[in-house]
Structures are given as C-alpha cells and as structure tokens.
Amino acid sequence: MANYYSDHPEIAFHLDHPLMKRIVDLKERGYADAAQYPDAPIDYEDAIENYKRILDITGDVAANILEPNSESVDLEGPHLEKGRMIYASKTFENIDATRKAGLHGVSMPRRYGGLNLPNVTFSMLSEVISAADAGFQNIWSLQSCIDTLYEFGSEEQRQKYIPRVCAGESMSMDLTEPDAGSDLQRVMLKATFDEKENCWRLNGVKRFITNGDSDIHLVLARSEEGTRDGRGLSMFIYDKRNGGVDVRHIEHKLGIHGSPTCELTYKNAKAELCGSTRLGLIKYVMALMNGARLGIAAQSVGVEQEAYNEGLKYAKERQQFGQKIIEFPAVYDMLSRMKAKLDAGRSLLYQTARYVDIYKALEDIQRDAKLSAEERQELKKYTRLADAFTPLAKGMNSEYANQNAYDAISIHGGSGFIMEYKSQRLYRDARIFSIYEGTTQLQVVAALRYITNGTYLSIIKEMLEAEVADGLKALKTRVEALVAKYEEVLGEVKAENNQEKIDFVARRLYEMTADIIMSLLILDDATRSPELFERSANVYVRHAEAECCGHYDFIKNLKVEDLEFYKA
C-alpha cells in the first residue's frame, strides 16, 4: 500500500540531523510530560520514534484518502450558501480523516490537548499532505495560526481556544483587504471597544482570506482612531460561534480549488483583543507571517515531490521512436534537475525549520524561567538564522515548485495539457505559492539586508568549514569558486553605493545566495547519506554554477546608466 512518508526516505533522513537532539530536548523540557501523559516520550529516541509513527500515519492518510479525493475536490470546489462557505463534499471526508488520525494541534503543548511536535515534524506533515492535495494542506495547516495565539494571547484565551483547535476546529488569518494586500499598513477594518458589553466590535471587509469561514479567526484591525499606519493596528480573535461575519464571495481561482478563498463582511462582530493594542502588525503579524511562509515552503516541497513523481512515472512508461522516453538525454536531464531542486529545496526547508525550532523553544522556556547566558546567546543566534533563512526557503521552494510542475507537463507532452492527467493540476496549484504570504519579490526584499550586511556571506563561510566526503571534494572546490565570485560582485555593488542598482540586482544576488547555501546543504546531506543524495549533489552544484556564473557576468557588466534600458 502506498505511503507518502515511507515511500520517500529522504524525508526521514532529516530527522537524523545533529541539531535534532537539541531541538527535542528543548521541546520536551526534561521529558517531564511522560509522568502525566501516556503518549509523551521518555527520552530522545522515544520522541523520534513517536515522530516517525505520526508521519507514517499521515503518509497513509495522504496516499489512500487525500490523494484519491483530490480530483473530485478540484472539480467540485467549495460553494456559497446563505452567507456560509460549504466545502467540497470530499473535503469533509479529508477533515474527518485527519481528525480521527489525531493530526490537529500538532505543535501545541500536551496540557491543551496537543502533540507537542517540533516545527521540523510539522513541516514534514505539511509536505506529505501537500503532495497529496496542496489545496487541502492550506485548510489543515492553518491550525498553525494557534501558535500566534499561544505566543501572544492570555492564559485564559489559551485555555479557551487551543483545545478546540487540537480537537480539529479550523482557523484562518484575516489580514488582506481590497485596498491592503502586501501593504498591510493600509488595513482599515475598524475595531471599536464596546463599553457596555466589555468587548471589541469589528466592522469592515476582508478579502482573499484562505479558509475564511473558519471556526476561529485571527484578525488584523485598526483599533486606534485617526491613525493610518501600522502603529494603529491590533490583533483580534473572532469566534464564529458569536456571529457577525458573513461570506460575501468565494473566489474562482486558477488552482488550489479545494482551499476556499473568501471575501468577508464584518458587521459589529464581537471579538477579543489578542495581546496588546498597536502591536498587531509590528509584532504579531510578523510572527504569523514567518510561520505561514515556512508553511508555504513545505507546501511547495510537497508539490515538487509529486511533480517529480508524475514526470518520472510517465517517462518510464511512455515509448517513442522505439524506446522509453526516460532514455532520451533531454528527458533524463530534466528529471535529474527536478530531483536535485527537490532535494536541495527540502534541505533548505528543514534547516530553516530546525533554526525556528530552537529559538521558539527557548522563547517558550523564557516565559517560565530565566535563560542562562549561554541560552540567551543561543536564542539570539538561532533567531537571526531563522529570520535570514525563512525568505530563502519560501522564495526558492515556491519557485522550484512552479518549475517542477512546468517540467512535469513538458515530460508528458500533449498529455500534460489534458485535464485527465494530474500534472496540469499540480501546475495550477503551484502558481499561487510564489504569490501568497509574500511574493518572491517580497522575499528578496526581506533577504536583501542580510545580503548587503554580510550575514549570508558569513554563514556561507562558516558552512564551508564543514568536511565533505572524499568523492565530493571536487564539487566543494567548485562551490568555493562560486563563493569567491559572489563575494566579489557583492563588494563591488556595495562600493558603488547606488540604491537603485542594489534593488535592481537584488533578485540575482538573492538567487546566488540561495544557490550557494543549498549547494553546501546538499553536499552535507550527500556526505551523510550518499545513497540518497550523491546524484543530486552533483546535479545541483552544476545547476548552481550555471546560474551563479550567469548572474555574476550580468552584475559585473551592468552600469548604472544601463538601467534606463529596463524602464518602461
């Protein structure tokens, strides 16, 4: 029987990373839960086995329920009835299956009914579910909004809402408005305090809200009258049980049809303040968005994997000119690059998730106890690494998902353009990944300061100190040559001190940065598991060379006056 986890040993490989011991120890806090909760692990090895069991269950559900339902969900989609969103019929089956499998509240502490899983494992679950149905992954993974409530809400709010999410209730984050997309400072949904009822009231419209008719919403609204910037925005909790919010419209989208995208009208809706006023955008949404971006990276890797699977399967079966098309150089070249991008992108995803796990666990501990000087330094280090790696993981994997889905169609030829084949749906689904939760251009903007201040360069040089297997040393030498080119053009661009040029070449510097980091990650993976990753390491480094050398030549030869040619 198919299993979307165990069929891909490359996923389990990342549970064996050296940082996992530190992550699990921090997350389990001395394994004290074992005395109170029968499913809690007693030690590190027990925790890893527990993660594998949960992943195996998820892989089974994904392969044998979610994937078989995916075509029906795509064709039917959600619909609107009397101001309410109704899921596609098979989506209800999917939700029921994940609830019965206990796959909700996965990141929450056990005292609230959660599984207390680290971000690495949650990202693996997201990848597996996305490979089966990327649209359903949106519905399921939005449970991670509860992390923001856990982090910034009161204990009363935690006890009120977290057990509901752990039991399978749904969530959404209501941020975007008709006049406020990427620029959330323009959010104008109005929040006013009702003195008589001792609650807040929300009025206005939200647009492009994923899973917008959810049970529990986190809502960005303007609480400070007369303000027009981010400092007047606060975060609120809206409970669907209280009424006051209707679905006005469900968007008809290119892809992810099973994931409802709603326009909502708030009419004097009762809400609770989450955290403090004025910090909604400045602090809380930033935390919410970083988590969402890592979720999109995992969603992207799932589609990268499925697109590769579809392309490989078809290439092995299809015959032309008397031979299987997988024997044609043009086809096996395409497949090898798809697999290399998948393996390198997955490595970047889980490295980022590990960094997030360490700093989030330390922050959680800090709520109850004072950290030691060493722990404070560790917190600072991994916060910085997570902030730097998140825009790389989201941006690059969302682009790779699009590229792999495109190539899967190419391998299928004319059949790939026919609706009966899955590759067209993967292609349609993937297109949104590089748009929502911050376009790739915005990921470049987020990464640019780490490029120009030398953060990435110092990380790369530290990574270069790691030893690789003898058979990979020649590849590492080639990566070292790319680092020299990267450092050279970066220094020249900074020396020119022309902000317009820096912004213009930012995407190329971003891709050079990511190519080099992923090359070093895949070399490390291939050193630890050559049977899984040696081929991808060889292919990916060659891909990185071609891309980095092209960007190097472009930036070296670009003069400031040349920018005029690119302006409309």
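In which strand does Asn-268 lie? Asn-268 lies in strand β9, and we will come back to it.

Hello everyone, and a word on the ground rules. This is a predicted model, where local features need pLDDT of at least 70, side-chain atom pairs count only at pLDDT 80 or more, and totals for chains, interfaces and linings use all residues. Residues are numbered from 1 along each chain as its sequence is written, and side-chain values use heavy atoms, with hydrogens and water left out.

Let's start with the whole chain. You can find 17 helices and 11 strands in it; these are DSSP runs numbered from the N terminus, H or I of at least four residues for helices and E of at least two for strands. For 568 residues, a compact globule would have a radius of gyration near 24 Å, and the chain agrees because its own value is 24 Å. That radius is taken over C-alpha atoms, and the globule rule is 2.2 Å times the number of residues to the power 0.38. Along the principal axes, the C-alpha atoms fill a box of roughly 70 × 60 × 55 Å.

Of the 568 residues, 58% are buried. Buried means under 20% relative accessible area, exposed means over 50%, and partly exposed is in between, with a 1.4 Å probe and protein chains only. As for contacts (heavy atoms within 4.5 Å), take those between residues at least 6 apart in sequence: 75% of them join residues at least 24 apart.

Now some covered helices. How many of the eight residues of helix α6 are buried? The count for α6, residues 134-141, is eight of eight, and among them are Phe-136, Ile-139 and Trp-140. The cover over α6 includes α3 (44-76), α4 (89-100), α5 (119-132), β5 (199-210), α9 (280-317) and α12.

Helix α14, residues 455-464, is mostly covered too, with seven of its 10 residues buried. Those buried residues are Thr-455, Tyr-456, Leu-457, Ile-459, Ile-460, Met-463 and Leu-464. Their cover includes α11, α13 (440-452), α15 (473-496) and α16 (499-528).

Is Lys-422 buried or exposed? Lys-422 has a relative accessible area of 15%, so it counts as buried. Beyond its neighbours within four places in sequence, Lys-422 is in contact with Tyr-4, Glu-67, Glu-306 and Glu-310.

Over to the strands. Val-219 is in strand β6, residues 216-222, and is buried, with a relative accessible area of 0%. Ile-237 is 18 residues from Val-219 along the chain, and their C-alpha atoms are separated by 6.2 Å. Setting aside neighbours within four places, the contacts of Val-219 include Asp-174, Leu-189, Leu-202, Phe-236 and Tyr-266.

Next, the aromatic rings. A pair of aromatic rings is described by the distance of the centres and the angle of the planes. Here, rings of Phe, Tyr and Trp (its six-membered ring) pair if their centres lie within 6.5 Å; planes under 30 degrees apart are stacked, over 60 edge-to-face, and the rest tilted. By this rule there are 17 aromatic pairs. One of them joins Tyr-87 and Phe-92 edge-to-face, at 5.6 Å centre to centre and 80° between the planes. Tyr-87 is buried because its relative accessibility is 10%, whereas Phe-92, at 43%, counts as partly exposed.

Tyr-355 and Tyr-382 make a tilted pair, 5.8 Å centre to centre with 40° between the planes. Tyr-355 is in helix α10 (residues 329-366) and Tyr-382 in helix α11 (residues 373-412), so this pair ties together parts that are 27 residues apart in sequence. Both tyrosines, Tyr-355 and Tyr-382, are buried. Elsewhere, ring pairs link Phe-193, Trp-200 and Phe-236 into a cluster, and Phe-236 is also one of the contacts of Val-219.

Finally, back to Asn-268 in β9. Asn-268 is not a glycine, yet has a positive phi of about 55°. With a relative accessible area of 43%, Asn-268 is partly exposed. Ile-256 also has a positive phi, near 35°. Where does Ile-256 lie? Ile-256 lies in the loop between β8 (245-250) and β9 (261-274), and is buried, at 5% relative accessible area.
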